[in-house]
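This briefing walks through the fold and the ring contacts of one protein model. Please keep the sequence and the structure in view while reading.

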Amino acid sequence: MEKLYQRFNAVVQKFGLTKQYFAGDFYRIYQINPEHYSIARLKTGPCGESLYQPQLKIAVRYNQLSVLSYFDNVKTPTQSVLLADETTEFLETEFIELLSKFEYLLSNECTIDS
């Protein structure tokens with residue numbers, strides 16, 4: 001997970017702890033406290049509310065990253081997954097997929113609309 005930590009840290013450095021609009025969706029990295037972050041792709045719901053597709057919460061300690069939870073309220077039914085032995089692979093896969101979207105957007109220097 002150290003390599004994932006390095007990738008995440010690079011994205012945070014380029015993207016910042018902000019919410020930005022790219023190609024129809026919002027992307028956000030939020031620092032909950034010094035060791036915990038939320039990384040999310042958001043859609044706008046019919047009433048203007050933010051819908052997570054998905055939101056992952058992670059912990060960063062000693063240059064290591066752990067994915068703690070996954071939440072997606074665009075999927076039907078809503079999907080919520082917490083860290084456990086049997087969910088570790090799912091959480092890591094979903095984190096890598098979302099992180100890759102951030103990296104792709106940053107590498108292509110897409111137009112940012114706030």
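In this predicted model, the count of aromatic pairs comes to 9. A pair of this kind is described by the distance between the ring centres together with the angle between the ring planes.

**Aromatic pairs**

- The rings of F8 and F95 have centres 6.1 Å apart and planes at 55°, an angle that lies between the 30 and 60 degree limits, so the pair counts as tilted.
- Y27 and F102 form an edge-to-face pair, with 5.3 Å from centre to centre and 90° between the planes.
- Because Y27 lies in strand 2 and F102 in helix 2, the pair ties together parts that are 75 residues apart in sequence, and both of these residues are buried.
- Ring pairs also join Y27 and F102 with F15 and F22 in a cluster.

**A charge over a ring**

- The charged end of K19 sits over the ring of F26, at 4.8 Å from the centre of that ring.

- The model contains an open sheet of 6 strands in the order 1-2-3-4-5-6, with antiparallel pairing, and its edge strands, strand 1 (19-22) and strand 6 (79-82), each pair on one side only.
- Neighbouring strands of this sheet are turned against each other by 20° on average, when direction is ignored.
- Strand 3 (residues 36-44) and strand 4 (residues 50-61) pair in the antiparallel sense over 8 bridges, and L42 stands opposite Y52 in strand 4.
- Helix 2 (residues 88-107) packs on the sheet and touches strand 1, strand 2 (25-33), strand 3, strand 4, strand 5 (64-72) and strand 6, while the direction of helix 2 makes about 95° with that of strand 5.

**A10 in helix 1**

- A10 has its place in helix 1 (residues 2-15), and its relative accessibility of 40% falls between the limits of 20% and 50%, which means that A10 counts as partly exposed.
- Although A10 and E103 are 93 residues apart in sequence, their C-alpha atoms are 8.9 Å apart in space.

Notes:
Residues are numbered from 1 along each chain as its sequence is written. This is a predicted model: local features need pLDDT of at least 70, side-chain atom pairs count only at pLDDT 80 or more; totals for chains, interfaces and linings use all residues. Side-chain values use heavy atoms; hydrogens and water are left out. Two strands pair if DSSP finds at least two bridges between them. Helices (H or I, at least four residues) and strands (E, at least two) are DSSP runs, numbered from the N terminus. Axes are lines fitted to C-alpha atoms, for helices over the stretch in contact, and angles run from 0 to 180 degrees between N-to-C directions. Contact means heavy atoms within 4.5 Å. Buried means under 20% relative accessible area, exposed over 50%, partly exposed in between (1.4 Å probe, protein chains only). Rings of Phe, Tyr and Trp (its six-membered ring) pair if their centres lie within 6.5 Å; planes under 30 degrees apart count as stacked, over 60 as edge-to-face and the rest as tilted. A charge sits over a ring if NZ of Lys or CZ of Arg is within 6 Å of the ring centre and within 35 degrees of the ring normal.
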